[in-house]
Amino acid sequence: MRTVVIESPGTVRVEERPDPGLPGPDGAVIAVEATAICGSDLHFYDGDLPLFPVAVGHEAVGRIVEVGPDVRRFAVGDRVLVSSVAGCGACAGCATGDPVTCVQGGGKVFGAGELGGAQSDLLAVPVADFQLLGVPDDLDDEAALLLTDNLATGWTAAQRADVRPGATVVVLGLGAVGLCSVRAAYAAGAARVLVADPVAGRRDRAVASGAVALEGPTVEAVLAATDGRGADAVIDAVALDATLDDAFGAVRAGGTVSVVGVHGLAPYPLPILGALFRNVTLRMTTAPIQSTWSTLLPLVQHGRIDTTGIFTHEFALADAADAYAAVAARTADCLKVLMKP
Ligand SMILES: NC(=O)c1ccc[n+]([C@@H]2O[C@H](COP(=O)([O-])OP(=O)(O)OC[C@H]3O[C@@H](n4cnc5c(N)ncnc54)[C@H](O)[C@@H]3O)[C@@H](O)[C@H]2O)c1
Ligand SMILES: [Zn+2]
Ligand SMILES: [Zn+2]
């Protein structure tokens with residue numbers, strides 16, 4: 001089978017590898033029909049997370065081609081999506097539906113070393129009953145892919161930002177995760193979502209989802225828009241030192257900063273004294289993907305969260321190098337890429 005490998009920063013190759021076998025009697029093998037590039041894959045591509053070579057990708061939808069004898073809920077031929085984060089499925093942590101709390105070493109992300117990459121012809125999925133969701137016929141590949149990661153992340157970002165009906169929410173960073181966060185904040189009842197991104201065309205995409213674009217320095221713009229009070233919640237879908245500074249500066253006293261962007265390896269100088277005196281809540285989240293499905297699938301299926309307009313480009317898996325170059329440029333034009341094996 002073919003799998004996409006990042007060899008070094010900026011260098012992507014499509015490699016021939018042996019087909020994966022069943023990862024145990026409770027596992028399954030999926031023939032990938034659609035996969036996608038996430039901002040997290042770009043951390044390898046950009047060299048922020050130097051783990052090379054790495055078979056990448058953690059967003060996949062496809063059909064089951066092999067199941068182990070202990071898989072109860074799925075059969076060969078089923079169309080499924082795969083959680084980007086895997087757990088053992090049997091511990092007290094996984095019983096909550098959150099693989100991040102798995103006591104067997106925490107949530108493991110596909111395409112980050114230990115588990116295979118989803119940007120492949122075939123993907124071995126351990127503990128299939130926990131990691132897979134059957135995809136209804138009326139759900140298209142784009143929506144299914146967003147449920148593997150980005151929409152679950154945006155939704156959880158808003159939940160953990162304590163977004164209440166009527167809230168003013170700021171979203172920093174308008175890649176696919178930020179755009180999903182905008183839509184999730186509105187679905188959670190936000191009255192207005194103020195957005196910042198250096199790329200004007202990405203701000204325009206968020207405005208098309210109902211957001212209000214901030215112009216000029218972010219903190220000043222948020223204070224101006226909130227009569228000097230600050231926002232009820234700030235979702236940081238970038239997690240650079242600069243956006244974390246903006247988040248602490250833009251949140252109101254008693255408000256919540258919800259970080260889902262993946263920060264680099266260097267520590268961030270947390271402005272702890274100011275946050276303490278202002279009663280700021282800080283939450284950081286790797287999305288508990290499986291636990292979001294019972295909420296998000298009906299919201300998507302019944303049109304309460306729109307999943308269109310996030311994928312902008314489609315490439316063949318064989319052209320993965322071009323796909324990475326397109327999305328890593330972070331233009332207004334190319335927001336998220338779908339790849340077909
Ligand atoms: N926590 C999780 O479970 C989870 C899941 C998926 C992705 N992520 C992370 O979320 C982040 C976003 O992912 P994405 O796919 O949207 O990536 P992306 O790279 O497409 O988007 C990042 C956006 O941030 C913008 N940006 C850069 N500097 C900025 C600044 N100073 N202020 C405002 N915006 C700025 C960029 O222009 C870009 O539009 C990544 O760090 C990714 O690793 C986390
Ligand atoms: Zn991801
Ligand atoms: Zn577990």
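A donor here is an N, O or S atom within 2.8 Å of the metal, and because water is not among the atoms, sites may look incomplete. Keep that in mind as you work through these exercises on a predicted model.

**Exercise 1. Work out which residues hold the zinc ion (ligand 2) and how the donors are spaced along the chain.**

Solution. Start with the donor atoms: Cys-38 (SG), His-58 (NE2) and Asp-149 (OD) coordinate this zinc ion (ligand 2), at 1.9 to 2.2 Å. Next, read the donors along the chain, and you get the spacing C-x19-H-x90-D. Now place two of them: Cys-38 sits in the loop between β3 (28-36) and α1, while His-58 belongs to the loop between β4 and β5 (60-67), so this pair ties together parts that are 20 residues apart in sequence.

**Exercise 2. Find the donors of the zinc ion (ligand 3) and decide whether their arrangement is tetrahedral or irregular.**

Solution. First, list the donors: the zinc ion (ligand 3) is coordinated by Cys-88 (SG), Cys-91 (SG), Cys-94 (SG) and Cys-102 (SG), at 2.3 to 2.4 Å. Their spacing along the chain is C-x2-C-x2-C-x7-C. Then recall the cut-off: four donors count as tetrahedral if all angles lie between 85 and 135 degrees. The 4 donor atoms around the zinc ion (ligand 3) subtend angles of 104 to 119°, so the arrangement is tetrahedral.

**Exercise 3. Describe how α4 packs against α3 and against α5.**

Solution. Two packed helices are described by the angle between their axes and the distance between the axes. Take α3 (residues 141-148) and α4 (residues 150-159) to begin with: their axes come within 3 Å and cross at roughly 55°. The two helices are therefore oblique to each other. Leu-146, Leu-147 and Thr-148 of α3 meet Asn-150, Leu-151 and Ala-152 of α4. Sorted by class, that contact has 4 nonpolar, 2 polar and no charged residues.

Now turn to α5 (residues 176-187), which packs with α4 at an angle of about 50°, the axes being 7 Å apart. That makes α4 oblique to α5. The crossing of α4 and α5 is right-handed. Among the residues making the contact are Leu-151, Trp-155 and Ala-158 of α4, with Val-177, Cys-180 and Ala-184 of α5. The residues of this contact divide into 10 nonpolar, 4 polar and no charged.

**Exercise 4. Decide whether α7 and α8 are roughly parallel or roughly antiparallel, and say what makes their contact.**

Solution. Begin with the geometry: the axes of α7 (residues 218-225) and α8 (residues 241-250) come within 9 Å and cross at roughly 20°. Angles under 35 degrees count as roughly parallel, and α7 and α8 are therefore roughly parallel to each other. Their crossing is right-handed. For the contact, α7 supplies Thr-218, Val-219, Val-222 and Leu-223, and α8 supplies Asp-246, Gly-249 and Ala-250. By class, these are 4 nonpolar, 2 polar and 1 charged residues.

Notes. Residues are numbered from 1 along each chain as its sequence is written. Chains are lettered from A and ligands numbered from 1 in the order in which they are written. This is a predicted model: local features need pLDDT of at least 70, side-chain atom pairs count only at pLDDT 80 or more; totals for chains, interfaces and linings use all residues. Side-chain values use heavy atoms; hydrogens and water are left out. Axes are lines fitted to C-alpha atoms, for helices over the stretch in contact, and angles run from 0 to 180 degrees between N-to-C directions. Helices (H or I, at least four residues) and strands (E, at least two) are DSSP runs, numbered from the N terminus. Angles under 35 degrees count as roughly parallel, over 145 as roughly antiparallel, 65 to 115 as roughly perpendicular and the rest as oblique. A crossing is left-handed if the near helix is turned anticlockwise from the far one by less than a right angle, and right-handed if clockwise. Contact means heavy atoms within 4.5 Å. Ala, Val, Leu, Ile, Met, Phe, Trp, Tyr, Cys and Pro count as nonpolar, Asp, Glu, Lys and Arg as charged, and the others, Gly among them, as polar. Donors are N, O and S atoms within 2.8 Å of the metal (3.2 Å for Na, K and Ca); water is not among the atoms, so sites may look incomplete. Four donors count as tetrahedral if all angles lie between 85 and 135 degrees; four count as square planar and six as octahedral if opposite donors are over 155 degrees apart and all others between 65 and 115; anything else is irregular.
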